[in-house]
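Hi,

Here is the structure for you to look over.

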Amino acid sequence: MSTPPENRFQGRAPYAPPMAPGRNDRTAVATYGGQVDDAWSTQAIMRMPQPDPEARSRTARTIVIWVIVGLLVLLMGITLLVVGVQLIALQVPAREGLLAVLLSAVPLTWITAVIVWFDRWKPQPIPFIVAAVLWGAAVAVLATFLLSFIADRVVATTVGVPFTADPILAPVVSAPIIEEFTKGLFLVVLVLGFRKYFEGPLDGWMYGTLAGAGFAFTENILYLGRASTEGLAALGMLFVLRGVLSPLIHSAFTAAAGMSIGLAARRGAWWTALIMWIPGLCVGMLLHGMWNGVSTIVSARVPQQGTLGLVVTIGVVVVMSAVLSCAWFTVGLVLRHQEAKHTRTMLTDYAKAGWMTPREVQMLGTWKGRRAGRRWAKKYPGAKKEMARLVRMGAHLAGVRERVVSGIGGDKEKETETYLLEKFTRQRKLLQHRVNTAGAAGHGSGGPGSGGPRSAPPRVPVQAGFTPPDRWSR
């Protein structure tokens, strides 16, 4: 006679999951110590909370990153001071200079908003988002000024003619190489110093985009300030060209390097991430050089006066920017879809080991599942917040599982994984308690996920759990 499903763990130790291709015993998930079924009705024996193995290191990392952000803010102030001095040298009035700053902030604001929208699947810490923007707006700009000056002097000493004397060489060769190097350096610092927050190509795409947007912000202040000396009409036209028709140029270039680093960061050692910076950097430099080259040729060949020249110039900018922007946005959508798929793959290991149910993996690893879970939890006072925490824990666990499988962090990461799994179990029990308490008080619907009229379901003992919606994707 076959064993009933609810008793499949009784009388024997819970089974260990089969090893995925390329995995060894070191990456096996510690099996769950109790029963689990598809209805969440016999969840495990609660263990005593274990100390967080990362408590001290997390505190140290938090202090370090906020100190870094503080230094970047200081450098941002210095950068704005340098830019202000340049605008004063160009005799830009203070009102026009302030207007240039405000207009430059427009594309930066909406690009950051788009990145935050993409970041909903597995939100990155706010300090790192701020640091990416500040690096591009301050460090990359100051480093570009310095390296450009050095390169200009070296070339002038060697061949007798500086870079700036050539109208083609400077924008097509010098600028792409130096600017992409200084912007992308942030990605290298992040992946080497804070590997836990750089877990894949989507993270690299987002951080690269933000660094590029920060660089464009400061660069736009200079360009718009110079244009304001020719009148408000010239200022408005340049803002339309740079801030409206082609705001993603720098972001798209640097995002290429971020993606290549992210691919290596997910599966390789630290030095592979450093090596993989090179192909992404080269792609960004090539695209940057092509953009500057076409723009320079159009500016030189097309008459600058008259309607025809204006139409041709705008047309070229719109076409090139549309292609790059569509490619950038499409890549972001694809990477976000792959991130969700990767989350389900990692969480499946926990389902095989008994820590989760297949329906929990479906809920935590799909957009539809998350939305359905939140809608269901919303019917019970206090449960929606606990469900949101459970979703965040699932995303965090997927990242930890990836590092364990890849051998990043060693035994310390395995300890963190076990701690988070037990924390996930406690969070599930807390969610159960919220639902059961609400049910006893007469809140909720006729049944989770039923969509029927509101009524007070009978109280279910906390130890027995509850039944979630039959279809998380509904």
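This is a predicted model: local features need pLDDT of at least 70, side-chain atom pairs count only at pLDDT 80 or more; totals for chains, interfaces and linings use all residues.

Numbering runs from 1 along each chain as its sequence is written, and side-chain values use heavy atoms, with hydrogens and water left out.

Asp349 pairs with Arg401, closest N and O atoms 3.0 Å apart. Asp349 is in helix H9 (residues 307–352) and Arg401 in helix H12, so the pair ties together parts 52 residues apart in sequence. Asp349 is buried at 5% relative accessibility (buried: under 20% relative accessible area; exposed: over 50%; partly exposed: in between; 1.4 Å probe, protein chains only). Arg401 is buried too, at 1%.

Glu386 and Arg434 also form a salt bridge, at 3.6 Å from N to O. Glu386 sits in H12 and Arg434 in helix H13, so this pair links parts 48 residues apart in sequence. Glu386 is buried, at 1%. Arg434 is partly exposed, at 33%.

Arg61 bridges to Glu54, at 3.9 Å between the closest N and O atoms. Both belong to a salt-bridge network that includes Arg58 and Glu413.

Helices here are DSSP runs (H or I, at least four residues), numbered from the N terminus; strands are E, at least two.

Best wishes

Conventions: A salt bridge is a side-chain nitrogen of Lys or Arg within 4 Å of a carboxyl oxygen of Asp or Glu.
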